[in-house]
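The exercises below are to be worked with the sequence and the 3D structure at hand. Try each task before reading its solution.

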Amino acid sequence: MKDTQAQPIVEIEDLRVTFPQAEGSVRAVRGVSLALHPGESLGVVGESGSGKSVSWMAVMRLLRAPPAEVEAGRLRLAGIEVMQARREELTELRGRAAAMIFQDPMTAFDPVFTIGHQIIETIRAHRATSKRAARAEALDLLERVEIRNAEAILDSYPHQLSGGMLQRAMIAMALSCRPQVLIADEPTTALDVTVQAQILQLIKDLQDEMGMGLVMITHDLGVVAETVDRVVVMYGGKVMEEAPVVELFEDPRHPYTRALMVSIPGQEGGRRRLTEIPGASPDPSDPPEGCPFHPRCTQADAQCAAEEPPMAVLGPGRRAACWRLT
Ligand SMILES: Nc1ncnc2c1ncn2[C@@H]1O[C@H](COP(=O)(O)OP(=O)(O)OP(=O)(O)O)[C@@H](O)[C@H]1O
Ligand SMILES: [Mg+2]
């Protein structure tokens, strides 16, 4: 249900996020550019520390600044200039424009209030509606995320729910503002495989039904294969490659993407995960010169060590930053 003719719903140009520290600044995101169109689903993959979460926290203005230093040529979400957004726009940004869900649903809920109270308050913070109407809506949302005994769950406290149930409740709360974009940061990593599959299917179904844009941040290439149209591969705070999902799997062009594919162990309960590529991720406070992947790249030569490769357009929706593209 993507609409690539329309204006992108998310526009990121040259996003940079730095965390100044005594021992040297952590350069978490180093010039990321990408766009998401209405209704489109985008996967963001890359090893731990590649800047996936920080990028999208910046888009949601969820990074505390200071300490974070966020810069961007452009950062727009649903027509809102993120960097300039003041209080009212921020409420809109984190509600009607976009919602973010995380690996640990406990971070989304306050342990001292019931699930119902929190969803109802979220709805009422964004829309003028009576408590009663908001409660009916919360009930409806819980049913939509396939929580069966929704009435009882509304009156439960977060710690009374299982991990899977709490994840569903968090999704319900995220959807309560009817966001145009749902950003899911490793939403199923903490869950067992069966529940993972159910939650992913649920997210996909809701995305279709509501025509939302979806950003799926994950280590798991299997999740990407099943849920998104397009994939951005990140490494060392940069985008290495971007491609429609089928093309990425059939014909990965960047050596880093290929290494990720090779490192997929195949059958691990049917799931494909990013595992170890020989060597270590770059130190974000002292990233290498040239291509960030060159110290681990089997194709690298002197140019890769000296000069940063430009992002090259390889075809419709395809780009990669590499001197040794195959
Ligand atoms: N508040 C912070 N202060 C200092 N450094 C930070 C902070 N938050 C993140 N970082 C650093 O920024 C880099 C990118 O972190 P980020 O959380 O975006 O990685 P990620 O790709 O989401 O990894 P993972 O897959 O483990 O979630 C990491 O080196 C991380 O240690
Ligand atoms: Mg992360």
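**Exercise 1. Contacts of the ligand**

How far from an oxygen atom of ligand 1 does a polar side-chain atom of S53 lie?

*Solution.* The model is a predicted one.

Step 1. Start with the side chain: a polar atom of S53 lies 2.8 Å from an oxygen atom of ligand 1. A polar contact requires a pair of N or O atoms within 3.5 Å, and the S53 distance of 2.8 Å can be held against that cut-off.

Step 2. Turn to the backbone. A polar backbone atom of G49 is 2.8 Å from an oxygen atom of ligand 1. For S50, a backbone N or O atom lies 3.1 Å from an oxygen atom of the ligand.

Step 3. Consider the cover. On its own, ligand 1 exposes 630 Å², and 66% of that is buried by the protein.

**Exercise 2. The shell around the ligand**

Which residues come nearest to ligand 1, and which elements supply the shell?

*Solution.* Step 1. There are 14 residues around ligand 1, and S48, G49, K52, S53 and V54 come nearest.

Step 1. Two elements give two or more residues each to this shell: β2 (26–36) and α1 (52–59). The largest share, 3 residues, comes from α1.

Step 2. Sort the shell by residue class: 5 are nonpolar, 7 polar and 2 charged.

**Exercise 3. The largest pocket**

What is the volume of the largest pocket, and which residues lie nearest its centre?

*Solution.* Step 1. The largest pocket holds about 440 Å³ of space.

Step 1. Its lining consists of 18 residues; R94, A99, M100, T122 and M173 lie nearest the centre.

Step 2. Assign the lining to elements. Those that give two or more residues are α2 (87–97), β7 (98–101), α3 (115–126) and α6 (163–175). With 4 residues, α3 gives the most.

Step 3. Sort the lining by class: 11 residues are nonpolar, 5 polar and 2 charged.

**Exercise 4. A salt bridge in a helix**

What is the distance between the closest N and O atoms of R96 and E92, and why are these residues separated by about one helical turn?

*Solution.* Step 1. R96 and E92 form a salt bridge, with their closest N and O atoms 2.6 Å apart.

Step 1. Both residues belong to helix α2; because they are 4 residues apart there, about one helical turn separates them.

Notes. Residues numbered from 1 in each chain as written. Chains lettered and ligands numbered in written order. Predicted model: local features only at pLDDT ≥ 70, side-chain atom pairs only at ≥ 80, totals over all residues. Heavy atoms only, no water. 1 Å grid on protein atoms, 1.4 Å probe; cavity = no way out; pocket = protein on both sides within 12 Å on 5 of 7 lines; lining within 4 Å. Points joined across faces, edges and corners; volume = space filled by probe spheres on them. Nonpolar A, V, L, I, M, F, W, Y, C, P; charged D, E, K, R; others polar. Near = heavy atom within 4 Å. Polar contact = N/O pair within 3.5 Å; in protein donor to acceptor, adjacent residues only side chain to side chain. Areas by Shrake-Rupley, 256 points an atom, 1.4 Å probe, with all protein chains shown as cover. Salt bridge = Lys/Arg side-chain N within 4 Å of Asp/Glu carboxyl O.
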